[in-house]
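Good morning, and thank you for coming.

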Amino acid sequence: MPISAYMQRLRDAVGHALLLVPSVAAIIRDAEGRVLLMQDAQSQQWSLPAGAIEPGESPEQAVAREVYEETNLRVAGTRLLAALGGERFRHTYPNGDRVEYTVCVFACEVASGVLAARDSEAAAFRWVAPDDIPDLLALPYPAWLFATR
């Protein structure tokens, strides 16, 4: 889902103004240690499976929901790796909406499912070696994050 009903209500109230958005992102590794990236269908940029925390959700619940919505994978064994944010995590969408993400990044293990796009957000998936990841991502995740196992 591109924008939740909650975020749409906020946007209706504030227009394109900067919103601070609590978010989650998932680092999912395959057996070779590569990390799953997804290509955004609209922007064509690469990202981690990620999204906003909805009202009433814990970060752990949000990362499990986002991963499932975007990848069809059920994850378990989540472990918080980092909390990132600040001006470097500001983004302006093509429609002019401005956000600044505060991102809880989790290491996640796949419990079940077959990798597939479930919604209109993902155009493609790719398993990438940790050293190659930072140059591909739209947000400035630090390189050390991908070396952590």
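This is a predicted model: local features need pLDDT of at least 70, side-chain atom pairs count only at pLDDT 80 or more; totals for chains, interfaces and linings use all residues.

Residues are numbered from 1 along each chain as its sequence is written, and side-chain values use heavy atoms, with hydrogens and water left out.

Let us begin with strand β1, residues 19-28. Helices (H or I, at least four residues) and strands (E, at least two) are DSSP runs, numbered from the N terminus. Eight of the 10 residues of β1 are buried, where buried means under 20% relative accessible area, exposed over 50%, and partly exposed in between, with a 1.4 Å probe and protein chains only. Two strands pair if DSSP finds at least two bridges between them. β1 pairs with β7 in the parallel sense over 10 bridges, and there Val24 stands opposite Cys104. With β4, β1 runs antiparallel, joined by three bridges; Ser23 has Ala52 as its bridge partner in that strand.

I turn now to the cores. A nonpolar core is a set of buried Ala, Val, Leu, Ile, Met, Phe, Trp, Tyr and Cys residues joined through side-chain atoms within 4.5 Å. The largest has 26 residues, and Ile27, Leu37, Leu48, Val105, Tyr141, Leu145 and Phe146 touch the most other members. Two or more residues come from each of β1, β2, β5, β7 and α3. Which strand gives the most to this core? It is β7, with five residues. Apart from this core lies another, of 13 residues, including Ile53, Val63, Cys104 and Cys108. In soluble globular proteins, nonpolar side chains tend to be buried together.

Next, consider Arg11, in helix α1. Is Arg11 buried or exposed? Arg11 is buried, with a relative accessible area of 8%. A polar atom of its side chain lies 2.7 Å from the backbone oxygen of Ala17. Beyond four places in sequence, Arg11 touches residues including Ile3, Leu19 and Asp97; contact means heavy atoms within 4.5 Å.

Finally, Glu54 is placed in the loop between β4 and α2. Leaving aside neighbours within four places in sequence, Glu54 is in contact with Ser4, Tyr6 and Arg65. The side chains of Glu54 and Ser4 are joined by a polar contact of 3.0 Å, that is, a pair of N or O atoms within 3.5 Å; within protein, one must be able to donate a hydrogen and the other to accept it, and residues adjacent in sequence count only if both atoms are side-chain atoms.
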